[in-house]
Amino acid sequence: ERVTHGVPTGKIGADAKLAISTSLTADLTVNTDFAQVEADQQVINLTRFPLFFPEKRDFFLESSGIFDFGNPEVAQLFYSRRIGLVNGSPVPIIGGARVTGRIGGWTLGALDARTGGVDEANDGVVRVRRDVFGRGYVGAIATSRSGPGVNGDQRSGGVDTSIPLVIDGQNVVPNAWVATASTDSGRAPSAWSASLDYPNDLINAFVAVAKVGAGFTPALGFVPQDGILASSGLVDLQPRPNWRGIRQLGFRVLPGWQIVTDEHRSLTDATHWQSGLLVWHPLSVTLQSGDNASFGVQRAMDHPPSPFEIVPGVTLTPRAYWYTRGTFAVATSSARPVSGSASMSFGRFYDGTSETEQASVSLRGSGHLRLTESVTNTSAHLAEGAFDALVAATQFEYAVTTRVNVLGFVQYNNATDRADFNLRLHWIPRIGDDIFVVWNSGYATGEDAAFRFPSLRSAARPLNGALIVKGTHRIAF
């Protein structure tokens with residue numbers, strides 16, 4: 001049952017897991033509900049590109065690695081958050097099915113879901129991979145989005161390979177993929193990527209080149225930017241001196257790079273770059289305790305093709321911006337009862353300056369309590385205006401008993417001038433059954449808010465709110 005602004009609603013759903021064979025499993029879901037899923041970590045986006053948020057829903061998380069194709073920095077052909085979410089808001093999933101597992105040397109995955117509400121779509125993906133050369137594979141993927149709420153049948157597909165090799169005792173991993181996606185005009189723009197990874201203890205190196213054609217926007221994928229040619233890479237030297245408690249040192253021999261230009265331009269001509277980032281870490285240190293520290297220098301470039309509103313009221317003009325920044329970061333081992341991290345980035349920023357500070361502290365108490373406080377703040381002074389971007393969060397989890405767990409997530413960011421609460425009680429009355437009590441609510445914090453949090457009057461005037469009680473009962477055959 002769900003209570004939203006005092007109006008109770010309810011629904012009944014069902015999930016089933018079937019063993020097709022010893023290595024192949026089918027999952028079915030009807031009237032799927034994700035009330036118990038933890039809220040996303042809030043971020044204030046100071047870039048021109050969409051943010052990638054990880055999947056947190058159980059139905060899509062289980063065996064999700066089978067469906068991986070591409071990467072979110074360049075293009076990802078299947079992004080499960082496209083299903084059941086429209087502009088970040090949930091739409092009902094009427095039903096779905098998933099089959100995953102292995103048959104001999106083949107890894108198989110198929111998923112299909114039907115959504116309702118404002119979406120009215122049928123979303124499907126099929127993924128196959130064939131083992132080659134021991135640890136390597138060649139694979140293929142196909143996705144489809146259709147239905148009453150979709151303009152035509154939107155399809156995409158691709159093939160990929162990864163072949164880990166050991167040459168003279170060193171790991172060498174070539175990877176490649178190529179994909180295409182249909183468009184309303186009948187065109188089928190393509191994208192491809194080729195990379196070579198050298199992930200070894202003393203030397204860690206990586207280089208990649210990718211191209212994303214104009215209009216390559218798969219309906220079930222994630223593509224930050226199309227119509228581009230991109231390259232990235234790094235070369236790190238990582239000796240283990242075994243001296244004065246030092247576990248490993250890190251030296252970036254060559255500045256790491258991330259360069260993006262128009263798909264018809266050259267990566268070597270900086271005057272044609274759309275964005276660029278050169279990162280040099282002269283030294284990083286990891287101690288035997290797990291504590292670590294690093295500092296570095298960044299040379300960044302961004303060329304917005306059109307006016308870019310970085311925050312409301314501050315708009316950058318379309319031109320090439322070059323700026324240099326310093327970075328410093330330190331973190332203690334997460335194995336400590338109290339651990340933490342802190343980082344700072346400072347220097348030029350577009351046509352002005354900025355400082356970004358991040359800090360977090362985590363507490364683990366006697367195996368029952370986990371508490372994390374984090375804050376990120378950016379203070380910028382640009383020619384077009386000044387602004388502060390602040391995000392603060394508190395996460396806590398307390399195991400009352402082995403069958404009763406309380407989880408809380410409180411967040412605030414000044415971009416939306418609101419505080420959001422996500423509280424969940426999970427009770428397992430007996431093995432196989434679950435009861436969740438979830439409370440979600442958001443409150444205005446702006447100075448002009450009629451009911452400003454944390455005043456007592458604001459408690460009765462949330463921006464949004466829901467009290468959800470969910471019960472599940474498992475039946476084994």
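D433 is buried, its relative accessible area being 11%; in this account, buried means under 20% relative accessible area, exposed means over 50%, and partly exposed lies in between (1.4 Å probe, protein chains only). The model is a predicted one, in which local features need pLDDT of at least 70 and side-chain atom pairs count only at pLDDT 80 or more, whereas totals for chains, interfaces and linings use all residues. Residues are numbered from 1 along each chain as its sequence is written, and side-chain values use heavy atoms, with hydrogens and water left out.

The side chain of D433 meets that of R430 in a salt bridge, with 2.9 Å from N to O. A salt bridge here is a side-chain nitrogen of Lys or Arg within 4 Å of a carboxyl oxygen of Asp or Glu. R430, at 48% relative accessible area, is partly exposed. The structure holds 22 salt bridges. One of them joins R155 and D153, at 2.8 Å from N to O. R155 is exposed, with a relative accessible area of 54%, and D153 counts as partly exposed at 33%. Another salt bridge is formed by R252 and D236, whose closest N and O atoms are 2.8 Å apart. Helices (H or I, at least four residues) and strands (E, at least two) are DSSP runs, numbered from the N terminus. Both R252 and D236 are buried. Elsewhere, salt bridges that share partners join K17, D27, E62 and R98 into one network.

D434 is buried, with a relative accessible area of 9%. Which side chains does the side chain of D434 meet in polar contacts? One is the side chain of H426, at 2.6 Å, and another is the side chain of R474, at 2.4 Å. A polar contact is a pair of N or O atoms within 3.5 Å; within protein, one must be able to donate a hydrogen and the other to accept it, and residues adjacent in sequence count only if both atoms are side-chain atoms. Not counting residues up to four places away in sequence, D434 touches H426, W427, I428, P429, K470, G471, T472 and R474, where contact means heavy atoms within 4.5 Å.

Attention now turns to the nonpolar interior. In soluble globular proteins, nonpolar side chains tend to be buried together. A nonpolar core is a set of buried Ala, Val, Leu, Ile, Met, Phe, Trp, Tyr and Cys residues joined through side-chain atoms within 4.5 Å. The largest such core in this model has 27 residues, and those with the most contacts inside it are A75, F78, I83, L111, W177, V212 and F216. At least two residues of this core come from each of α1, β10 (106-115), β15 (170-181), β17 (203-212) and β18 (228-237). The element that gives the most to this core is β15, with 3 residues. Leaving aside neighbours within four places in sequence, V212 is in contact with V74, A75, S190, A191, V223, Q225, D226, G227, I228 and E263. A second, separate core of 17 residues includes V314, L316, Y323 and Y350.

Aromatic rings form a further set of links. A pair of aromatic rings is described by the distance of the centres and the angle of the planes. Rings of Phe, Tyr and Trp (its six-membered ring) pair if their centres lie within 6.5 Å; planes under 30 degrees apart count as stacked, over 60 as edge-to-face and the rest as tilted. By this rule there are 17 aromatic pairs. The pair of F67 and F78 is tilted because the ring planes lie at 55°, with the centres 5.8 Å apart. This pair links distant parts of the chain, 11 residues apart: F67 is in the loop between α1 (58-61) and β5 (70-71), and F78 is in the loop between β6 (75-76) and β7 (85-86). F67 is buried at 3% relative accessibility, and F78 is buried at 8%. W273 and W322 also form a tilted pair, with ring centres 6.0 Å apart and planes at 40°. W273 lies in strand β20 (residues 273-287) and W322 in strand β24 (residues 321-331), 49 residues apart. W273 is buried, at 10% relative accessible area, whereas W322 is partly exposed, at 36%. Ring pairs also link F308, Y321, Y323, F349 and Y350 into a cluster.
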